[in-house]
Amino acid sequence: MTNEAQIGTDASGRPRINTTGMEPPGPFVAIMGWIETHPDAPEVVVCLERDPVYLFPELTDINWDWDYLSEKPGAFELLLKRLPE
Amino acid sequence: MKKAPKLPGMILMDAQRRLLPPLLPFLFFIVAAVCHAGVWLGVIFVAEDIPSYTGGPGPVLAVLHLLTLGVMIATAIGAAIQLLPVATGLAHKSLLPARLLMWLFLPGVLSLTSGFLDANQFLMSAGALFVTLALMVFLHIVTSMLWRATTLKLAIAHAWISMASLFGLLGLGVALVLDFEFAWLMDHQNTAAQHMILAACGFMGFLAIGFGNILVPMFALSQSPSGREGWVSWTFLVAGLVGVLAGLNFQLNALILIAAVVGLIGAALHIKTMFWCLQNGMRKKLGLSFVLIKGAWGMMLLSIALGAALVLDLLGDQGPALFGFVLLFGWLLTYIKGMLQRIVPFLAAMNMSKRNHKPPRLSELAAGLPLKLHALCHALAIVLGAASIAVDQSVGLQAAGVIGFIGAASFVWFCFSVLQSYFSYHRTAAQD
């Protein structure tokens with residue numbers, strides 16, 4: 001287990017947060033915290049071990065949307081996007 | 001908006017295995033909200049008997065169990081059966097036990113509280129049987145998940161103590177009910193005190209603190225607090241609980257006092273870690289729910305201090321009732337209501353994010369007014385209720401009951417408005 005999310009960029013240059021190996025609520029905190037501290041970021045790719053059903057209500061609340069990029073058991077990749085106001 | 005996953009079966013299977021049919025946990029939350037109103041209504045009618053209450057069947061015991069079973073344990077069941085799978089990433093092996101739980105628990109609570117109200121031995125025994133069976137099923141659901149969990153060690157350790165306490169309190173509860181008929185216990189009041197400590201501090205207290213270790217950092221967007229401090233707090237709390245039970249069992253007041261101080265240190269350490277989360281979290285505006293939660297933390301410390309004062313015989317004739325009120329209404333009920341107002345819309349929204357239809361915002365799920373009204377009335381009712389018990393004023397306690405009832409009715413309004421949004425979302429989504 002790790003306490004830190006791996007933050008970098010993907011092949012297309014989009015910011016990418018890898019939360020693999022983090023204990024709950026670490027992935028939630030890392031992703032929502034990144035969004036909160038990057039108020040101008042239009043999108044971010046996130047990698048998780050579980051389908052983040054707990055994330056969707058909070059994303060909706062701050063006017064963000066999500067698309068599944070890839071999904072395998074134990075490895076989910078989503079693109080989170082800020083919606084226009 | 002979300003596109004349909006490329007392998008929809010895989011994603012939805014994973015999510016749905018962990019998300020129960022939403023009405024299952026919601027039923028327990030609705031029961032809790034309605035019983036909450038019933039409890040305050042009960043306080044109005046038994047206000048004269050509460051300050052001097054020290055035990056035994058009758059309306060006060062009925063109201064007490066409507067609170068502990070109908071509100072607290074119903075909330076614990078609703079939260080645990082849904083949040084544990086989400087937090088641990090483990091699925092329920094089968095939904096049958098969770099469904100069975102509902103059918104055993106509700107008639108059990110009804111029968112037991114009616115039995116206490118009328119001092120009817122048959123209803124008390126039948127209720128105790130149903131409630132015990134229901135909570136054994138609950139114990140099975142939770143422990144089967146705790147066995148398999150490989151993460152969240154601190155929260156899981158709290159949950160184990162909670163489940164061990166549940167096992168103990170059920171055994172003592174059955175013994176107490178049978179004692180009304182057979183008079184076989186050597187000291188009924190002492191056993192009742194151990195039953196209450198196991199229920200309030202062991203079962204509910206450890207569950208609340210364990211969930212707090214996950215939910216508070218999540219709501220505040222904070223890193224998890226220091227694991228070392230968390231484990232020190234857990235150790236002190238376990239030592240405090242064991243010490244109080246041993247002290248009661250062997251009637252050693254000095255041991256109870258030492259255990260209370262140890263428990264107080266453990267509780268203070270836990271609160272310190274929670275405040276660290278709030279101070280270091282990225283989200284500072286946590287709303288009304290955290291006003292209640294912070295108040296509840298204060299009441300947790302106060303209740304332990306009052307417990308120690310009770311042992312020292314400093315609280316007079318109203319001591320047992322005052323201690324019980326601050327512990328159950330001040331600490332646990334306030335904490336539960338603070339958490340529930342976050343969890344109920346959150347769980348509803350989680351179940352509104354699966355279709356190709358935009359879910360409403362959390363803030364749009366329910367009106368804000370009922371929560372404001374509830375918080376104001378709840379705080380007033382707790383302060384007025386505790387003060388009235390302390391000075392043995394039943395009129396003040398009746399007023400607290402009326403105010404508390406208005407607050408509880410507002411909370412029912414809040415829960416139904418969330419449900420209304422939930423059904424309206426699914427109706428609209430089905431039409432699109």
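Author: Two strands count as paired if DSSP finds at least two bridges between them. The model is predicted. The part to look at is the sheet of chain A.

Five strands make up this open sheet. Their order is β1-β2-β3-β5-β4 in chain A. The pairing is mixed. The edges are β1(A), residues 6-9, and β4(A), residues 64-72. Each of these edge strands pairs on one side only. From one strand to the next, the twist averages 20°.

The partner of β4(A) is β5(A), residues 75-82. These two strands run antiparallel and are joined by eight bridges. One pair can be named: Lys72(A) has Ala75(A) in β5(A) as its bridge partner.

Thr9(A) has its bridge partner in β2(A), namely Pro15(A). β1(A) and β2(A) form a hairpin with five residues between the strands. Within that hairpin, Gly13(A) takes a positive phi near 85°.

Take α7(B), residues 188-220, first. This helix has 33 residues. From first C-alpha to last, α7(B) reaches 44 Å. That is close to the 48 Å expected at 1.5 Å a residue. The helix has a kink of about 40°, centred on Gly212(B). α7(B) is mostly covered, with 28 of its 33 residues buried. Just after the helix, Leu221(B) has a positive phi of about 55°.

Then there is Pro25(B). This proline is in helix α2(B), residues 23-46. Pro25(B) counts as buried because 25 C-beta neighbours lie inside 10 Å, and the cut-off is 20 or more. Which residues does Pro25(B) touch, leaving aside neighbours within four places in sequence? Its contacts are Leu20(B), Gly78(B), Ile81(B), Gln82(B) and Leu347(B). Ala80(B) is 55 residues from Pro25(B) along the chain. Even so, the C-alpha atoms of the two are separated by 8.8 Å.

β1(A) and β4(A) are the edges.

Technical notes
Residues numbered from 1 in each chain as written. Chains lettered and ligands numbered in written order. Predicted model: local features only at pLDDT ≥ 70, side-chain atom pairs only at ≥ 80, totals over all residues. Helix = DSSP H or I, 4+ residues; strand = E, 2+ residues; numbered from the N terminus. Axes fitted to C-alpha atoms, helices over the stretch in contact; angles between N-to-C directions. Expected span 1.5 Å × (residues − 1). Bend = angle between axes of the 7 residues up to and from the residue. Buried ≥ 20, exposed ≤ 12 C-beta atoms within 10 Å, placed from the backbone. Contact = placed C-beta atoms within 7 Å.
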